[in-house]
Every structure is written in C-alpha cells, then in structure tokens.
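Please look through the two chains shown below before reading on. The report is meant to be read beside the structure.

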Amino acid sequence: MGKGQPSYTDEEFVAAIRRDDDRALAQLYRLHFPMISHYVLQNSGTDDEAKDVYQEGVMVFYEKVRDGSLELSCQIKTYLYAVCRRLWLKRLAEKTRFGGRLDDHEPFLETGAEADLERAEEKERQLGTMAQSLDLIGEPCRSLLEGFYLLDKSMQQLTDEFGYTNADNAKNQKYKCLVRLKKLFFNQYQESN
Amino acid sequence: MKTEADYYALFEAYRAGGLADAERTALEHRLAADPALAQRLNEFEELTGTLTAYGRRRALRQRLAAIHADMVTEQAPRLDLAKVAEQDERGEQFASGQAPRPMLRISRTEQKLRAFWQGHRATMMVAAAVAVLAVFTTLLGLEMYRTSQQSTSSRYGYTMLRREVERIKRDQRSMNRVITQIDAAAPTERLNPGKFSGTGFALTADGYLVTSYHVIQGADSLLIENSARQRFRAEPVFTDVAHDLAILQITDKDFTGFGRLPYAFKRGQSELGEKVYTLGYPREDLVFNDGSLSARSGFEGDTGFYQVSIPVNPGNSGGPLLDDRGNLIGVVSGRQMDVQSAAFATKSSYLMRLVDSLSAAGAGKPYNLPRYNQLGGNTRPQQIRKLQDYVFVVKVYE
C-alpha cells in the first residue's frame with residue numbers, strides 16, 4: 001500500500017466505488033492485481049494477458065457495484081479470483097493449448113461469480129455489437145453520437161463543434177443518426193444471436 | 001405522419017421529462033394502445049442505454065488502464081533520463097485520453113523464453129528433479145557396488161589379483177574372467193555360528209593345522225570343529241598371503257594331539273590328469289568331491305597353484321587335495337566363476353617350503369610332519385574313513 005492512502009475494508013470499497021471514488025478503485029485494483037497476475041503467469045499466460053484478464057474482471061465487479069446488483073457473499077478477493085479464473089479458462093480454451101488443467105492457488109469457491117459472468121458476457125457481446133455499429137455508421141454520425149452519449153457533451157457544444165446553424169438542426173441530425181444506428185445495431189445483434 | 005426521427009425526438013423529450021403534462025398523458029395513452037409504438041420506445045431505450053453503457057465501459061477501461069500504467073511506473077521507478085522523458089510522454093498521452101499500454105522493455109527472444117519458462121516451469125522442475133535423482137542414484141549405486149566388490153575381494157585377500165584382472169580386461173589380453181573365492185557366507189543355525197567358515201586339516205599330530213589365508217582373514221578368534229563335534233580354540237601362527245596359506249595352532253590346554261596322521265605331504269609336483277579328490281565343509285556335514293588335475297598352473301598362470309576339475313563350493317576353501325594314493329598335493333583355495341568347474345588349489349610344495357622355512361627360523365614348537373603315507377592301496381571309502389578325523393571346520397569370528 002502506498003503511503004498516506006486510506007486502506008479500506010471490503011464494505012468500504014463497495015461503498016466508495018458506488019460513490020465513484022477514483023482512489024478507492026485504484027487501490028482496489030492495486031490490491032488484487034498481484035494475485036491474478038501470479039495466477040495467470042502460473043498458468044502459461046503473459047503479463048499482458050494477466051492485465052487484460054484482470055481488467056475485465058475488475059470491470060465486471062465495478063459494473064455490478066454501480067448497478068447496485070452486487071450481492072457479495074464472499075470477499076472481494078475471492079470474487080475477483082473466481083471471475084478472473086473463469087475468464088482465463090475461456091481464453092485458454094480459445095488458445096486450445098492447455099485443455100483445462102489449471103493450478104489453483106486460492107481456494108475456489110462458488111461465489112455467484114459464474115452467473116455474473118454469463119450476464120457480463122451477454123452485455124459484452126451487446127457492447128461489442130454497438131462498437132461495430134458505431135464503426136460502420138460513418139461520419140459525422142459517429143462523432144455526433146459519441147459526443148452526445150459517450151462523452152456527455154451538450155447539444156450546444158456539439159452544434160458549435162460541427163458547425164450546425166442551430167441546436168435544432170444538430171438535434172435533427174442526431175435523431176437521424178440514431179435511426180441509422182438502430183438499424184445497424186439490431187441487424188447485427190440479431191445476426192450474432 | 002411522423003418520421004422515426006420525430007418519434008425519437010418525442011421519446012427523448014419524454015424520458016428527459018421535457019413534455020408538457022397534456023402531451024405526456026397523450027403519449028402514454030398512445031403507448032398503452034399501440035404496441036408498435038411501445039416496441040419502438042423499447043428499442044429506442046435499449047439503443048440509448050447500450051450507447052451510454054458503451055460509453056461508460058470505455059471510460060472505465062481507460063481509467064483501469066491508467067491505474068495499471070500508474071502502478072507499473074510506480075513499481076519500477078525509472079532512474080535514467082530517457083525513461084523519465086518517456087514517462088512525460090505518457091503523461092501527455094493521459095491528457096489526450098489515449099490510455100498508454102505499459103510496456104516492459106524486453107526483447108522478443110526474451111519474451112518467448114519467458115513465455116516458455118512460464119508455461120513449462122512445472123514440467124522442467126520435475127525433469128530437473130528426476131535428472132538430479134538419477135545422477136545421484138547412479139553414483140551412489142556405483143559406489144555401493146564398488147565397495148561391495150572391494151570388500152569381497154579384500155576379504156579374500158585377492159585385491160591385487162582383481163586389479164590384474166581388470167587391467168587385463170582393459171588391454172583385451174584376456175577374456176572376460178572373474179575369479180571368485182570360495183568362502184562360506186552360509187552361517188550355521190547354531191548359537192553364535194561365527195561369521196564365516198572354511199575347511200582346515202591337520203599338518204602335524206601335535207596341533208598344527210593348515211587352511212586358506214582368506215578364510216581366517218580379519219578374524220578375531222577361531223574355532224576348530226571336527227566331524228565328532230569336538231571343538232578347539234586355535235590361533236594363526238603364520239600366514240602367506242601370496243599363496244593363500246595359513247598355519248594355525250590349537251591353543252587348548254587339554255588338547256593332547258590328533259594321533260598319527262594317515263597322509264603324507266608331497267614335496268614334488270603332481271602330473272596332469274591325476275585323479276584327485278577333496279573333503280570339506282561347504283555345509284554342516286563333511287562333503288567329498290573328486291576330479292582330475294587339469295593344469296599345473298592356477299589363475300592367470302600362477303605357478304603356485306594347480307587347476308583341478310572338482311566342483312567346489314563356498315566352504316571348501318582350505319580343504320585338503322589328495323591324489324589316488326593318499327598323498328596330500330594341495331590346499332583348495334578358489335574357483336573361477338565363468339569357466340566350467342575350474343577350481344584352484346595351492347601346491348603342497350609351497351606349503352612344504354613354508355614349513356621348512358618356519359622350522360629353520362626355529363619359532364614355536366617344531367614341526368613334525370608325517371613321513372609315511374598309510375592310505376596307499378586303500379579304496380576311496382577306506383581312505384576317507386581314515387581321513388575324516390583330520391579334516392575340520394574352521395569357524396571365524398570377527
């Protein structure tokens with residue numbers, strides 16, 4: 001732990017992350033990274049893969065906390081371990097190098113993380129489709145939608161940025177873009193289903 | 001007729017709460033009545049929801065990447081200026097919102113090596129352990145084998161000879177031959193049966209005996225036992241390692257003598273093809289074996305020995321070798337393992353020379369060797385009946 005940083009209990013972590021406390025998130029991240037990194041490295045992974053898996057695991061945890069849908073029946077550590085373990089298993093299966101034999105060094109408990117992961121995967125797929133749709137939609141729709149929905153810019157800002165004569169024009173353009181995005185998104189989403 | 005975009009404007013206003021009460025109720029009524037419209041609203045909400053979720057996810061990912069980069073730079077404080085500059089560059093990258101990927105400066109080869117090591121660490125550990133174990137087992141086994149070999153050979157007093165054999169093997173001068181001495185490792189079931197036993201026979205009527213040197217080698221005390229189970233203490237008087245001979249003397253006070261010996265010692269050499277036989281104690285009982293004199297030299301051409309075709313066993317060592325007429329011509333000493341029934345016996349001429357030199361030195365009691373042979377003309381069983389009282393078990397205690 002770095003100097004001058006408050007150390008949190010699990011409950012405090014959850015509360016702080018719910019408040020969107022950046023420092024708590026950073027600390028949580030640092031606290032458990034060595035465990036996952038060690039686990040992944042032990043099981044024929046690289047540093048980069050460890051990082052990816054861990055970040056994905058933290059994201060699952062974070063989003064659950066932000067949703068308020070987290071029911072933590074165990075330590076955060078155990079939860080993260082379970083999630084990351086699953087994620088790494090999946091990756092390994094994709095690499096098809098190592099079958100499924102993994103060395104566990106933490107007690108692996110039934111944490112409910114499995115179910116969370118399935119939901120997270122579904123969401124992941126949805127978001128992936130969204131990213132694709134955004135890539136396909138082309139300019140200026142992409143920048144407009146990203147500006148409004150992703151970067152939380154106001155319509156006035158966007159009007160100025162894109163040189164529309166007034167905010168209503170920009171809005172109309174945005175709605176048209178949304179319609180296009182909708183078509184792309186639902187088409188792709190159904191295709192992949 | 002409204003376009004879809006118009007509906008979206010309406011929905012957005014509805015969700016943002018920007019509609020007047022009247023409009024809102026009107027919309028809610030229509031939504032309740034028109035499933036197609038409700039479906040459209042659902043889609044709109046899913047779309048915008050996914051969009052915002054996507055945005056949040058992206059932001060979170062960047063935050064985590066930043067945290068990770070922070071962590072990495074913190075963990076590995078870089079000292080030199082070039083790297084500080086690089087860090088500054090990263091700082092700029094933060095500002096631009098593009099998350100930097102923390103990079104470990106290692107070469108591609110090293111990366112591969114690391115990956116390999118991480119993947120196969122366990123396997124390699126096991127392999128290394130097995131290799132180390134195998135090496136040590138081999139070394140230890142070899143060492144044990146060698147010491148056991150050495151102990152047997154030194155027990156027989158034939159270390160020199162063994163070395164000779166190995167050298168000859170190396171030189172390919174000789175066939176692969178190994179000599180094994182005859183000695184009894186078979187202890188009897190009696191109380192304190194002794195560590196080894198061999199055979200011995202009377203040299204003089206007043207208590208001198210002959211046996212093989214390797215039988216008594218390393219002995220603390222010796223016990224002589226005849227076929228009538230009479231026991232005497234004895235101690236070595238003289239030993240001749242080169243010819244594998246030992247002369248013992250009975251030390252018991254109440255020992256009176258063997259009586260007259262029925263055989264005589266031959267001072268000359270015997271002829272090839274002579275019928276010979278021996279008596280000995282390879283087991284608890286006296287055992288007779290016979291054969292012929294097959295060569296006038298012993299192992300490796302040693303002229304101190306005869307080669308005889310008598311099947312001998314551990315325990316026969318030190319036994320008397322007699323010819324048909326009952327002359328004592330040798331002392332059984334050893335056999336060669338890889339040659340069919342090749343036993344060796346010290347020539348009696350060497351025994352005689354030894355006794356003569358001892359007499360000349362004048363140490364101890366004089367040696368009164370038997371002069372006349374009483375066995376000539378007797379049949380074998382008769383000879384043996386007369387002989388058996390003069391052949392003994394020599395028990396060795398270490």
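What follows is a report on a predicted model, arranged by confidence, helix packing, chain contact and a record annotation.

## Confidence in the model

The model is predicted, and its overall scores are an ipTM of 0.77 and a pTM of 0.42. For chain A the mean pLDDT is 77, with 86% of the residues reaching 70 or more, while for chain B the mean pLDDT is 78 and 80% of the residues reach 70 or more. Among the elements of chain A, the highest mean pLDDT, 85, belongs to H3(A), and the lowest, 77, belongs to helix H5 (residues 113-137) of chain A.

Two stretches of chain B call for caution. In residues 78-82 of chain B the pLDDT is below 50, and this stretch has three contacts in the model beyond near neighbours in sequence. The pLDDT also stays under 50 over residues 184-191 of chain B, although there the model has 14 contacts beyond four places in sequence. Where pLDDT is low, the predicted coordinates should not be read in detail.

## Packing of H3(A) against H4(A)

Two packed helices are described by the angle between their axes and the distance between the axes. Within chain A, helix H3 (residues 47-67) and helix H4 (residues 76-95) have axes that come within 9 Å and cross at roughly 130°.

## Packing of H6(A) against H7(A)

Further along chain A, helix H6 (residues 141-150) and helix H7 (residues 155-162) pack at an angle of about 155°, and their axes are 10 Å apart. Since an angle over 145 degrees counts as roughly antiparallel, H6(A) and H7(A) are roughly antiparallel to each other; their crossing is right-handed.

In this pair, A:Leu144, A:Gly147 and A:Phe148 of H6(A) meet A:Leu158, A:Glu161 and A:Phe162 of H7(A). The contact of H6(A) with H7(A) comprises four nonpolar residues, one polar residue and one charged residue.

## Where the two chains meet

The contact between the chains draws 31 residues from chain A and 26 residues from chain B. On the side of chain B that touches chain A, the elements giving two or more residues are helix H1 (4-16), helix H3 (35-75) and helix H5 (108-156) of chain B. Of these, H3(B) gives the most, with 18 residues. The residues on this side of chain B divide into 13 nonpolar, seven polar and six charged.

H3(A), described above for its packing against H4(A), also packs against H3(B), at an angle of about 130° and with the two axes 10 Å apart. That angle makes H3(A) oblique to H3(B), and H3(A) passes H3(B) in a right-handed crossing. Here A:Lys51, A:Gln55, A:Val58, A:Met59 and A:Tyr62 of H3(A) meet B:Leu60, B:Arg61, B:Leu64 and B:His68 of H3(B). The residues of this contact of H3(A) with H3(B) are five nonpolar, two polar and two charged.

## An annotated segment of chain B

An unreviewed UniProt entry annotates residues 122-142 of chain B as "transmembrane region". In the model, the chain over residues 122-142 of chain B is 100% helix and 0% strand, and the C-alpha atoms at the ends of this segment are 30 Å apart.

Technical notes
Residues are numbered from 1 along each chain as its sequence is written. Chains are lettered from A and ligands numbered from 1 in the order in which they are written. This is a predicted model: local features need pLDDT of at least 70, side-chain atom pairs count only at pLDDT 80 or more; totals for chains, interfaces and linings use all residues. UniProt positions are given in the numbering used here, feature names are shortened, and annotations may be inferred rather than shown by experiment. Helices (H or I, at least four residues) and strands (E, at least two) are DSSP runs, numbered from the N terminus. Axes are lines fitted to C-alpha atoms, for helices over the stretch in contact, and angles run from 0 to 180 degrees between N-to-C directions. Two residues are in contact if their C-beta atoms, placed from the backbone, lie within 7 Å. Ala, Val, Leu, Ile, Met, Phe, Trp, Tyr, Cys and Pro count as nonpolar, Asp, Glu, Lys and Arg as charged, and the others, Gly among them, as polar. Angles under 35 degrees count as roughly parallel, over 145 as roughly antiparallel, 65 to 115 as roughly perpendicular and the rest as oblique. A crossing is left-handed if the near helix is turned anticlockwise from the far one by less than a right angle, and right-handed if clockwise. pLDDT is the predictor's confidence in each residue, from 0 to 100.
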